[in-house]
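Hi,

Here is the structure I promised to pass on. Have a look at it first, and my notes follow below.

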Amino acid sequence: MDNHTPEQRRRNMKAVKNKGSKIETMLQKELWHRGLRYRKNAKTVYGKPDIAFIGKKVAVFCDSEFFHGYDWENKNKEIKSNRDFWIPKIEKNMQRDKEVTDKLTSDGWTVLRFWGNDIKNNLSQCADEIESVVRAK
């Protein structure tokens, strides 16, 4: 059951950003402190990755659990309101994520995807993985 009124929920959902989110900013700051330089939301790269190392062909996506379908087989049952909207929307997001990953990989890119909670709870490990891939290329 939703604890918010429809107006509160609408305001909350309108505040969700498509770039510059907390998880993106945390990861970007960590990478910058490590001396790694990147492009944010590179429009020239297919799928507009949150972080792109264009010369190295490394694309990093920071995926929020709700909008990108983390543990979807179980979580889709938890959506109680407006199921006719949310379930197709999230499934379409998941399909688009797969298409973007496949296209970039076929074009020679290395694609790294991190869940928001992984970034929040294991920031150093996520940054270590990115750093090792970027430095190896």
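In strand 3, Val-58, Val-60 and Cys-62 point one way while Ala-59, Phe-61 and Asp-63 point the other way, and all are buried. Buried here means under 20% relative accessible area, exposed means over 50%, and partly exposed is in between, with a 1.4 Å probe and protein chains only. Strand 3 covers residues 58-63, and six of its six residues are buried. Helices (H or I, at least four residues) and strands (E, at least two) are DSSP runs, numbered from the N terminus.

Before you read on, please note that this is a predicted model, in which local features need pLDDT of at least 70 and side-chain atom pairs count only at pLDDT 80 or more, while totals for chains, interfaces and linings use all residues. Residues are numbered from 1 along each chain as its sequence is written, and side-chain values use heavy atoms, with hydrogens and water left out.

Now to the neighbours of strand 3. Two strands pair if DSSP finds at least two bridges between them. Strand 2 and strand 3 run antiparallel and are joined by three bridges, with Ile-51 opposite Val-60. Their hairpin has four residues between the strands, and Lys-57 takes a positive phi near 60° there. Strand 4 (residues 110-115) runs parallel to strand 3, and six bridges join the two. Cys-62 has Phe-114 as its bridge partner in strand 4.

Phe-114 is worth a click. Counting contact as heavy atoms within 4.5 Å, and leaving out residues up to four places away in sequence, Phe-114 touches Leu-27, Val-60, Phe-61, Cys-62, Asp-63, Ile-119, Cys-126, Glu-129 and Ile-130. Phe-114 is also among the residues with the most contacts inside the largest nonpolar core, which has 18 residues; Leu-27, Leu-31, Phe-53, Val-60 and Ile-130 are the others named. Such a core is a set of buried Ala, Val, Leu, Ile, Met, Phe, Trp, Tyr and Cys residues joined through side-chain atoms within 4.5 Å. Helix 2, strand 2, strand 3, strand 4 and helix 7 (123-136) each give two or more residues to this core, and helix 7 supplies the largest share, five residues. A second, separate core has nine residues, including Ala-42, Val-45, Ala-52 and Val-100.

After helix 5 comes Gly-108, with a positive phi near 95°.

What about the aromatic rings? Rings of Phe, Tyr and Trp (its six-membered ring) pair if their centres lie within 6.5 Å; planes under 30 degrees apart count as stacked, over 60 as edge-to-face and the rest as tilted. The count comes to five aromatic pairs. In one of them, the centres of Trp-32 and Tyr-38 are 5.8 Å apart with planes at 85°, so this pair is edge-to-face. Tyr-38 and Phe-53 are also edge-to-face, with centres 6.2 Å apart and planes at 75°. Tyr-38 lies in the loop between helix 2 (22-33) and strand 1 (39-40) and Phe-53 in strand 2 (residues 51-53), so their pair ties together parts that are 15 residues apart in sequence. Trp-32, Tyr-38 and Phe-53 form one aromatic cluster.

Best wishes
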